[in-house]
Amino acid sequence: MNNWKTVVLAVMMTWGFCQQAFCQLMPRPKVGLVLGGGGAKGAAEVGVLKVIEEAGIPIDYIAGTSIGSIVGGLYAIGYRAEQLDSLFTSQEWLTLLSDRQERHRNKIYQEQDSVGYVFGFPVIRKGKKHGDESFGMVKGDKILQLLQQKTGSYDALPFDSLPIPFRCVAVDLNKWREVVLQGGSLARAMRASMAIPGVFKALRSNDRLLVDGGVLNNLPVDVVRKMGADIVIAIDLTQKKHASRDFSLKDWVGIGGAVDWLVSRPDITKYNKNRQDADVYINPPLEGYDVASFNNASIREMIHIGQRTGKKHWNDLLKVKEMVEKRKFSTQ
């Protein structure tokens, strides 16, 4: 009888060991992080990242658009939420994002080096041909310099080789086509992704003029899925949601159709599909703030809003951590 007990115990121990060994051999589910566009509202993404870090969730892939590409790109090379918090709260963001010349800020109009400034903002550039790389109301040189300073040696390399593989979305202005940037200068890629049409000049890349990816894909869940993410956490800064609709030729006839198209946004169908495809969808309530709310008080409050919203999804985040640790995931 004792021999049978010994055999049963040995079998049970062997089975338990095999289960553990098999589990260790299984690749764990890969977690993708998606960071949407929204200008200054990107501060809320920093707040949510604090909660994700607190939950102990490993991030395997990152995809971002516009300000999400800046937050995501820096996170991909090793910056963490507290460092991004300091970056957002310590910089003169209005100056960085507008190329504002502080020495001209109190002058209605001033010219210097063939550039016309209105209250310090560069609005007129003389001697440049339309389509030149410098064409545009705001050059964005200061933000590019900051990004180059922060990214250091991450230049001319595939973004899969970053500590966390990264993609950011831009739009080819010539062909009006989405472009997923996955290599080269990280700073220039982030700068291209946040080039709001009509505000920042397009960034020239070979034969392409690249502008803000939010025009066509403001929440690139589909991009991070293609990278290999099994589980997706998406942080969406959009406040006003629109129902998807199909546009026919009559929608484009007359000024009413054009205005309707602009109000509804041309990317709305993709946007709705992407937010529904996220496993954990986090949408901080940022009514009252806009893309230009870069004053310090607003930045700090939006970071706190991001934290509070992330905490509301605490149980969802813990489920992600559990799925990763158990090396399985659900597609439900």
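Q: Is the crossing in which H2 passes H3 left-handed or right-handed?
A: A crossing is called left-handed if the near helix is turned anticlockwise from the far one by less than a right angle, and right-handed if it is turned clockwise. Here H2 passes H3 in a right-handed crossing. Helices (H or I, at least four residues) and strands (E, at least two) are DSSP runs numbered from the N terminus. The model is predicted, so local features need pLDDT of at least 70 and side-chain atom pairs count only at pLDDT 80 or more, while totals for chains, interfaces and linings use all residues. Residues are numbered from 1 along each chain as its sequence is written, and side-chain values use heavy atoms, with hydrogens and water left out.

Q: At roughly what angle do the axes of H2 and H3 cross, and within what distance do they come?
A: Packed helices are described by the angle between their axes and the distance between those axes. An axis is a line fitted to C-alpha atoms, for helices over the stretch in contact, and angles between N-to-C directions run from 0 to 180 degrees. For H2 (residues 43-55) and H3 (residues 67-76), the axes come within 11 Å and cross at roughly 35°. Contact means heavy atoms within 4.5 Å. Glu45, Leu49 and Glu53 of H2 make the contact with Ile67, Gly68, Val71 and Tyr75 of H3. By class, this contact has four nonpolar, one polar and two charged residues. Nonpolar covers Ala, Val, Leu, Ile, Met, Phe, Trp, Tyr, Cys and Pro; charged covers Asp, Glu, Lys and Arg; the others, Gly among them, are polar.

Q: How many residues of H3 are buried?
A: Buried means under 20% relative accessible area, exposed means over 50%, and partly exposed lies in between (1.4 Å probe, protein chains only). In H3, 10 of 10 residues are buried, and the helix is mostly covered. Among them are Ser69, Ile70, Leu74 and Ala76. Just after H3, Gly78 takes a positive phi of about 120°.

Q: Why is strand E7 largely enclosed by the rest of the structure?
A: Burial is counted residue by residue. Strand E7 (residues 166-172) is largely enclosed because seven of its seven residues are buried. On one side are Phe166, Cys168, Ala170 and Asp172, and on the other Arg167, Val169 and Val171, so both faces are covered.

Q: Which strands do bridges join to E7?
A: Two strands pair if DSSP finds at least two bridges between them. Strand E2 (residues 61-65) runs parallel to E7 and is joined to it by four bridges, with Arg167 as the bridge partner of Ala63. Strand E8 (residues 177-181) runs antiparallel to E7, with five bridges, and Asp172 stands opposite Arg177. The hairpin of E7 and E8 has four residues between the strands, and Trp176 takes a positive phi near 50° there. Strand E11 (residues 208-212) pairs with E7 in the antiparallel sense over three bridges; Val211 is the partner of Val171.

Q: Where is the place of Asp155?
A: Asp155 is in the loop between helix H6 (141-151) and strand E6 (157-158). Its relative accessible area is 45%, so Asp155 is partly exposed. Leaving aside neighbours within four places in sequence, Asp155 is in contact with Gly184 and Ser185. The C-alpha atoms of Asp155 and Gly183 are separated by 8.4 Å, although the two residues are 28 apart along the chain.

Q: How many helices and strands does the protein chain have?
A: The protein chain has 12 helices and 13 strands. Of its 332 residues, 48% are buried.
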